[in-house]
Amino acid sequence: MMNFRIPLEHGIDFVGDVHACYDELIEGMERLGYQKQVDGTYVHPNQRKILFLGDMMSRGPYSLRVMRLVMDLVKNNLAYAIDGNHNWKIARYLMGRNVKMAHGDERFVEELKLYEKENGKQKTEAFKEEMKEFLLSLPSHYIITDKGKDVAVAVHAGIRDQDIGKDSPAIRSFTRYGDTAGLDEKGKPIRRDWTIHHHNDLLIIWGHDPSPSAKVINNTINLDQGCVFGGRLTFLRYPEMEIVQVDAKENYANDQEHPISKHFGRV
Ligand SMILES: [Mn+2]
């Protein structure tokens, strides 16, 4: 049985979908006070931890660097990470499943090819194995506890109140993709708004669905401000409820039609 509960302890810094935006991630972590160590990890002097809200890779330029850092942080008990739709896609790809690498996942494959050229097959296979095991170990969501009381939930795309603390294939699908209602005429998933149904007093912190600012509805907060589309990478310092944002250096996804690129004038 999965243990969904993690303690708040000295505070948690939540970060929305990084999507391989390594430079913005580092800039944000440094602004939050994390300090680079000789082994390449980052440690906070007040023992705060980072929680990655899923979709750390794909679409952007540095999937492998981000994955190396996230795995090292989690391994050293300095961070947490949860599942996401791209995480799951990459996990299945690394398992050798026949998956179509598109919607930015092809950039992960390109990086792997380059990595193999530079580092050889053996090192690449070991890295792939490590990423696969890591991605398959990620929980669908976490419940943050403060002095034994549940206070917040971290999830990638959404969760129903009655599913908090539970797991099933249907719940996994909801936490990865949200409340979807098939595809529109362009083949993009139609997303229903699950936040309007959230009524308990847990703060739900999520990403996945890029909005121009950290959107607050019914005690939910969305931290995906589309950094990879030229928006911002958002961190939430909890329990302080302080938002820290890093402007994207580029519109990495180069999607001229994306509403976030248009909103930030990055087309
Ligand atoms: Mn996502």
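Ala20 is placed in the loop that joins strand 2 (12-15) to helix 1; helices (H or I, at least four residues) and strands (E, at least two) are DSSP runs numbered from the N terminus. Although Ala20 is not a glycine, its phi is positive, at about 70 degrees. This is a predicted model, in which local features need pLDDT of at least 70 and side-chain atom pairs count only at pLDDT 80 or more, while totals for chains, interfaces and linings use all residues. Residues are numbered from 1 along each chain as its sequence is written, and side-chain values use heavy atoms, with hydrogens and water left out.

A further backbone feature is the cis peptide bond from Tyr238 to Pro239, with omega near 10 degrees. Pro239 belongs to the loop between strand 15 (232-238) and strand 16 (242-247).

Two helix pairs are tabulated below. Axes are lines fitted to C-alpha atoms, for helices over the stretch in contact, and angles run from 0 to 180 degrees between N-to-C directions.

| Helix pair | Axis approach | Crossing angle |
|---|---|---|
| Helix 1 (residues 22-31) and helix 2 (residues 63-75) | within 9 Å | roughly 40 degrees |
| Helix 3 (residues 85-94) and helix 4 (residues 105-137) | within 9 Å | roughly 105 degrees |

Angles under 35 degrees count as roughly parallel, over 145 as roughly antiparallel, 65 to 115 as roughly perpendicular and the rest as oblique. The crossing of roughly 40 degrees therefore makes helix 1 oblique to helix 2. This crossing of helix 1 and helix 2 is left-handed, meaning that the near helix is turned anticlockwise from the far one by less than a right angle. Tyr22, Leu25, Ile26 and Met29 of helix 1 make the contact (heavy atoms within 4.5 Å) with Arg65, Val66, Leu69 and Leu73 of helix 2. These residues comprise 7 nonpolar, no polar and 1 charged, where Ala, Val, Leu, Ile, Met, Phe, Trp, Tyr, Cys and Pro count as nonpolar, Asp, Glu, Lys and Arg as charged, and the others, Gly among them, as polar.

Helix 3 and helix 4 are roughly perpendicular to each other. On the helix 3 side the contact includes Trp88, Ile90 and Tyr93, and on the helix 4 side it includes Phe108, Leu112 and Met131. The residues of this contact divide into 11 nonpolar, 2 polar and 4 charged.

The protein chain has 6 helices and 16 strands. Its radius of gyration (taken over C-alpha atoms) is 18 Å, close to the 18 Å that the globule rule gives for 267 residues, so the chain is as compact as a globular protein of that length. The globule rule is 2.2 Å times the number of residues to the power 0.38. Along its principal axes the C-alpha trace spans about 50 × 50 × 40 Å.
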